[in-house]
Amino acid sequence: MQRIAVINQKGGVGKTTTTVNLGAALARRGYRVLLLDMDPQANLTVHVDKRPDLESHTLTSLLVEDTPLQELVQPTTLPNLAVVPSDTSLAGVEQVLANRIGRETILREALEAFPGAATFDFVLFDCPPSLGVLSANALVAADHVVIPMQAEYLSLQGMAKLLEVIQLVQKRLNPALKIACVLPCMLDARTNLSTEVLREIETHFGSLLTKTRIRNNVKLAESPSFGRTIFEHAPDSNGARDYEAFANELLAMIGAGAPKAAAVPTTTPPAQRPHEPPAAAAEASA
Ligand SMILES: Nc1ncnc2c1ncn2[C@@H]1O[C@H](COP(=O)(O)OP(=O)(O)O)[C@@H](O)[C@H]1O
Ligand SMILES: [Mg+2]
């Protein structure tokens, strides 16, 4: 089971979009994938058509009450893709765990004790936009880090802090942790600024910068409001093509083997209704 943390303490850079659609791209290839929503905003939970307000068992139960992971894993509407949802109570976890010894290793221990670990090929952690105890848990439990980044002025700001935290985790708690790649997201290839910023990112990260570019694509922005991944929402879009390409590149990069199991259908097909009016969805993507 390969564990991948999708992290960047900046909000709105493409973490959740990347986690969901990378997960879906891997699941479509027959890999069994578990998505962990580690953000109190629960965007990933909504994106895979769950209702955070109705989820009684979320990641909070695992982190605070030691609920075993197997009690929290839920199927999604897609074969091979399961999720541990989040809800707003996750926001309180930082405080609740503030004085608890070993708080950074709770998730790793839960994964080690998870009897289902052998059936999953990948676990993807969708991190919150902060570098607190939730992100620390993801970094301690992960083998690989994927850093989505927007090719924008100031997008490198904060990177030093993230790299410092990753290095600290490597030194103290998880020597096996590796940065897999830096993924440029929401790219507008027509602007000189994007090209310049990409060059700057490349100077910093060298070969860690992926060859794949996730272009700006309105279909990617629309799909969460329908509770669908890009592959159901718009399979012929640039968004679907880009995340397919990223899945290929990542698989090669981390040397993943063949899937453990053939595709197993889970629940009913995706609902047709959006979660919110299209106007609100369009606004959220602006
Ligand atoms: N490539 C893209 N093109 C257009 N919109 C995108 C793209 N990637 C993400 N978005 C939208 O941008 C917003 C922020 O993306 P999200 O993945 O939620 O970022 P994060 O998880 O880092 O906060 C969301 O509304 C999302 O739908
Ligand atoms: Mg997010």
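Visitor: Which residues line the largest cavity, and what makes them its lining?

Guide: This is a predicted model, and in it the lining of the largest cavity consists of H47, V48, T76, T77, L78, L81, G227, R228, T229 and E232. They count as lining because each has an atom within 4 Å of a cavity point.

Visitor: Why is this space called a cavity and not a pocket?

Guide: A cavity is a set of points where a 1.4 Å probe fits but cannot get out, whereas a pocket is open. The largest cavity has a volume of about 40 Å³, and the structure holds one cavity of 30 Å³ or more.

Visitor: How are the residues of that lining divided by class?

Guide: There are three nonpolar, five polar and two charged residues in the lining of the largest cavity.

Visitor: What about the second largest pocket: which residues line it?

Guide: That lining is made of E104, L131, G132, S135, A136, L139, V165, L168, V169, R172 and L173. Two elements give two or more residues each, helix 6 (133-141) and helix 7 (159-172). Helix 7 gives the most, with four. The pocket holds about 180 Å³ of space, and its lining has seven nonpolar, two polar and two charged residues.

Visitor: Now to ligand 1. How do you know that G12 makes a polar contact with ligand 1?

Guide: A polar backbone atom of G12 is 2.7 Å from an oxygen atom of ligand 1. The cut-off for a pair of N or O atoms is 3.5 Å, so this pair qualifies. V13 passes too, because one of its backbone N or O atoms lies 3.0 Å from a ligand oxygen. With K15, a polar side-chain atom lies 2.9 Å from an oxygen atom of ligand 1, so that is also a polar contact.

Visitor: How much of ligand 1 does the protein cover?

Guide: On its own, ligand 1 has 560 Å² of accessible area, and the protein covers 87% of that.

Visitor: Which elements give two or more residues to the shell around ligand 1?

Guide: They are helix 1 (15-28), helix 9 (218-222) and helix 12 (278-285). Helix 1 gives the most, with three residues. Of the 16 residues around ligand 1, G12, T16, T17, R215 and N217 come nearest. By class, the shell divides into six nonpolar, eight polar and two charged residues.

Methods:
Residues are numbered from 1 along each chain as its sequence is written. Chains are lettered from A and ligands numbered from 1 in the order in which they are written. This is a predicted model: local features need pLDDT of at least 70, side-chain atom pairs count only at pLDDT 80 or more; totals for chains, interfaces and linings use all residues. Side-chain values use heavy atoms; hydrogens and water are left out. A residue is near a molecule or strand if one of its heavy atoms lies within 4 Å of it. A polar contact is a pair of N or O atoms within 3.5 Å; within protein, one must be able to donate a hydrogen and the other to accept it, and residues adjacent in sequence count only if both atoms are side-chain atoms. Accessible areas come from the Shrake-Rupley method with a 1.4 Å probe; for residues, only the protein chains shown count as cover. Ala, Val, Leu, Ile, Met, Phe, Trp, Tyr, Cys and Pro count as nonpolar, Asp, Glu, Lys and Arg as charged, and the others, Gly among them, as polar. On a 1 Å grid over the protein atoms alone, a cavity is a set of points where a 1.4 Å probe fits but cannot get out, and a pocket is an open set with protein on both sides within 12 Å along at least five of seven lines; lining residues have an atom within 4 Å of a point. Grid points are joined across faces, edges and corners, and a volume is the space filled by probe spheres set on the points.
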